[in-house]
Amino acid sequence: MPKIINLEVFQRFFRSGQVGGFLLLIFVAISLLIANTASKESFEAFLATKLGFGTVNYSLLAWINDALMAVFFLLVGLEIKRELLEGELSSVKSAALPVIAALGGMLVPALIYALFNKGTETADGWGIPMATDIAFAIAIIAMLGKNVPASLKIFLAALAIVDDLGAILVIAIFYTNQIHFEYLAMAGGILILLSLMNYFGVKNLVFYLIPGLFLWYFIHHSGIHATLAGVLLAFTIPTNETDVLSPLEKLEHALTVPVNYLIMPVFALANTNITFKKEMISGLVTPLGLGIIVGLFAGKTLGVTLFSWLAVKLKWADLPTGAGWKHVLGLGMLAGIGFTMSIFIALLSFSDEIHILEAKFAILTASVLSGVVGFVFLKSVKKVKYSKN
């Protein structure tokens, strides 16, 4: 008998993502405004303020990027687990298309960036155009309403989830400088404890969240980026085989609003502070800028569409119900909105402030281009009927 999971939580996640996307836009605008006024220096000093004690004394910016983002990835991890149990990833057939499409949407942009930046000092940024921003992409496709099949929205959500999981693995494997195995071993012990509690039927979330704080601490000190702790914790949270609200769904329900209405806007406010300079325009046609823009816009579109086409032609997967190839092409364009995760990876890729600013501006440019073109394109094909052959 298939697992039955309360779909109300997913619907809440989706609806909140719509509003959260608009809120992100507002905070991006506020951050850009601050960065280009006299408030810039005082805002940067505020973000540099130290908070904490002992071995957990970090700047406010570090708390945002390492701790608050771990909560974001906890929510993403809960969604991934639930999709694996029941949703678009619950069977080989249903999971095949978003997984294969996401793979193409990661590999092709990374290859394009690598080709543009081969042998340059910005070559390490190949992971930047691999990511898709869930909040913005879902917000834009939600604005299309009935102009696109409902199945396409689920396909995009599943693709973005797989994409985020890939980004997490890329961060953990390739953007980690030094691993301290003693801390990693302690994190492993916590993870085993959490898994055992799940196995023996412990349902109280407190018994997962408190060890989860220690899991975050040990992973943070191990050298692997601390956001991975959020996903690992999520996979230990128990669910059930009934339609009774499970601990997983309760936690997802509790996190959806604060993540979309607080954590993501705060992250955007802290990290989109781009001070515009005329040199940045020329930076768009440098290997760094072109790698990001072409990678996100053209690479995502090509990767998602090509890999989806191969999956369907090889009979590994089917197109979403009611969708045609122009829908998939438009969805590939929306997948080029890499805003939040791309900026996050850019911060890990470079230490040079100029490279970070150029990367942020290129990401912003590519994401706006992908969002606008994808929206207009999908809206233009809304009344066309397609066969799935």
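Are Glu79 and Arg82 buried or exposed? Glu79 is buried, and Arg82 is buried too. Buried means under 20% relative accessible area, exposed means over 50%, and partly exposed lies in between (1.4 Å probe, protein chains only). This is a predicted model, so local features need pLDDT of at least 70, side-chain atom pairs count only at pLDDT 80 or more, and totals for chains, interfaces and linings use all residues. Residues are numbered from 1 along each chain as its sequence is written, and side-chain values use heavy atoms, with hydrogens and water left out.

**Salt bridges**

- The structure holds 4 salt bridges. A salt bridge is a side-chain nitrogen of Lys or Arg within 4 Å of a carboxyl oxygen of Asp or Glu.
- Side chains of opposite charge can pair when their charged atoms come close.
- Glu79 pairs with Arg82, with the closest N and O atoms 2.6 Å apart. These two residues sit 3 residues apart in helix α3 (residues 60–85), so about one helical turn separates them.
- Helices here are DSSP runs (H or I, at least four residues), and strands are runs of E (at least two), numbered from the N terminus.
- Glu252 also forms a salt bridge with Arg82, and the closest N and O atoms are again 2.6 Å apart. This pair links distant parts of the chain: Glu252 is in helix α10 and Arg82 in helix α3, 170 residues apart.
- Glu252 has 0% relative accessibility and therefore counts as buried. Arg82 has a relative accessible area of 3%.
- Together, Glu79, Arg82 and Glu252 are linked in a network of salt bridges.
- Lys40 and Glu44 meet in a salt bridge through their side chains (2.9 Å, N to O). They are 4 residues apart in helix α2 (residues 40–47), so they are separated by about one helical turn.
- Lys40 is partly exposed at 24% relative accessibility, and Glu44 is partly exposed at 33%.

**Buried residues and their contacts**

- Contact means heavy atoms within 4.5 Å.
- Pro238 lies in the loop between α9 (228–234) and α10 (247–271). Its relative accessible area is 2%, so Pro238 is buried.
- Not counting residues up to four places away in sequence, Pro238 touches Lys81, Asn198, Val202, Lys203, Tyr208, Ser246, Pro247 and Leu248.
- Asn271 lies in helix α10 and is buried, with a relative accessible area of 2%.
- Asn271 touches Leu61, Asn65, Ile343, Leu347 and Lys360, again leaving out residues up to four places away in sequence.

**Cavities**

- A search of the whole structure finds 2 cavities of 30 Å³ or more. On a 1 Å grid over the protein atoms alone, a cavity is a set of points where a 1.4 Å probe fits but cannot get out, and lining residues have an atom within 4 Å of a point.
- The second largest cavity holds about 40 Å³ of space. A volume is the space filled by probe spheres set on the points, which are joined across faces, edges and corners.
- Its lining includes Phe72, Asp133, Asp164 and Met264. The elements giving two or more residues to this lining are α5 (134–143) and α14 (339–349).

**Nonpolar surface patch**

- Leu302, Leu306, Trp309, Leu310, Leu314 and Trp316 make a nonpolar surface patch of about 590 Å².
- Patch residues have over 30% relative accessible area and no salt bridge; nonpolar side chains (Val, Leu, Ile, Met, Phe, Trp, Tyr) are joined within 5 Å, and like charges within 9 Å. Accessible areas come from the Shrake-Rupley method with a 1.4 Å probe, and for residues only the protein chains shown count as cover.
- Trp309 is found in helix α12 (residues 287–313) and is partly exposed, with a relative accessible area of 39%.

Notes: On a 1 Å grid over the protein atoms alone, a cavity is a set of points where a 1.4 Å probe fits but cannot get out, and a pocket is an open set with protein on both sides within 12 Å along at least five of seven lines; lining residues have an atom within 4 Å of a point.
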